[in-house]
Amino acid sequence: MIQKKEKQNIHVKKGDRVIVISGKDKGKIGNVKDIITKDGTVLVEGVNIVTKAQKANPMLGVQGGLVKIEKPINSSKVMLVCPQCEKATRIGQIVKDDKKVRVCKKCNKEID
């Protein structure tokens, strides 16, 4: 039987400022550029940069050589940085005016 991959609930949103808490880029801070819910991964600018050998394509005007690109990392390896208290924090949710709002667990201020 082939199992379907379920979409994972990711705790950060596009544009959030996050810090990497494990792996080779531990301690780096960057903004979330993209979220891939199917894999449960996030693309953070300046994090997980790899070197890729790219083949030249004269029809498209692409030069060959070594290119540095950003790869996605698992969302469990990043932690949100609170805009108010500037600390890495977990996220809580409260209902305010019939809407869910993200809240910093350290300073209890709204994030959105």
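Predicted model: local features only at pLDDT ≥ 70, side-chain atom pairs only at ≥ 80, totals over all residues.
Biologist: Which residues does Val42 contact, leaving aside its neighbours within four places in sequence?

Modeller: Beyond its neighbours within four places in sequence, Val42 is in contact with Ile10, Val12, Val32, Asp34, Ile35, Pro72, Ile73, Ser75 and Val78.

Biologist: Which element gives the largest share of the lining of the largest pocket?

Modeller: The largest pocket holds about 160 Å³ of space, and its lining consists of Asn9, Ile10, His11, Val12, Lys13, Ile91, Gln93, Lys100, Val101, Arg102 and Asp112. The elements giving two or more residues to this lining are strand E9 (91-96) and strand E10 (99-104). The largest share, three residues, comes from E10.

Biologist: How do the residues of that lining divide into nonpolar, polar and charged?

Modeller: The lining includes Ile10 and Val12, together with Lys13, Arg102 and Asp112. By class, the lining residues are four nonpolar, three polar and four charged.

Biologist: How many residues apart are Asp16 and Arg102, and which parts of the chain do they link?

Modeller: The whole structure contains five salt bridges, one of which joins the side chains of Asp16 and Arg102 at 2.9 Å, N to O. Both of these residues are buried. Asp16 is in the segment before E1 and Arg102 is in strand E10, so the pair links distant parts of the chain, 86 residues apart.

Biologist: Are the partners in the salt bridge of Glu86 and Arg17 buried or partly exposed?

Modeller: The side chains of Glu86 and Arg17 meet at 2.8 Å, N to O. Because Glu86 lies in the loop between E7 and E8 and Arg17 in strand E1, the pair ties together parts that are 69 residues apart in sequence. A residue counts as buried under 20% relative accessible area and as exposed over 50%.

Biologist: Is Thr89 buried or exposed?

Modeller: Thr89 is placed in strand E8 (residues 88-89). Not counting residues up to four places away in sequence, Thr89 touches Met79, Leu80, Cys82, Cys104, Lys105 and Lys106. The limit for a buried residue is under 20% relative accessible area; Thr89 has 2%, so Thr89 is buried.

Biologist: What separation do the C-alpha atoms of Val50 and Glu70 have?

Modeller: Val50 belongs to strand E4 (residues 49-54) and is partly exposed, with a relative accessible area of 26%. Its contacts, leaving aside neighbours within four places in sequence, are Lys24, Val67, Lys68, Ile69 and Lys71. Val50 and Glu70 are 20 residues apart along the chain, and their C-alpha atoms are separated by 6.3 Å.

Terms used:
Residues numbered from 1 in each chain as written. Heavy atoms only, no water. Helix = DSSP H or I, 4+ residues; strand = E, 2+ residues; numbered from the N terminus. Buried < 20%, exposed > 50% of the residue type's maximum accessible area, 1.4 Å probe, protein only. Contact = heavy atoms within 4.5 Å. 1 Å grid on protein atoms, 1.4 Å probe; cavity = no way out; pocket = protein on both sides within 12 Å on 5 of 7 lines; lining within 4 Å. Points joined across faces, edges and corners; volume = space filled by probe spheres on them. Nonpolar A, V, L, I, M, F, W, Y, C, P; charged D, E, K, R; others polar. Salt bridge = Lys/Arg side-chain N within 4 Å of Asp/Glu carboxyl O.
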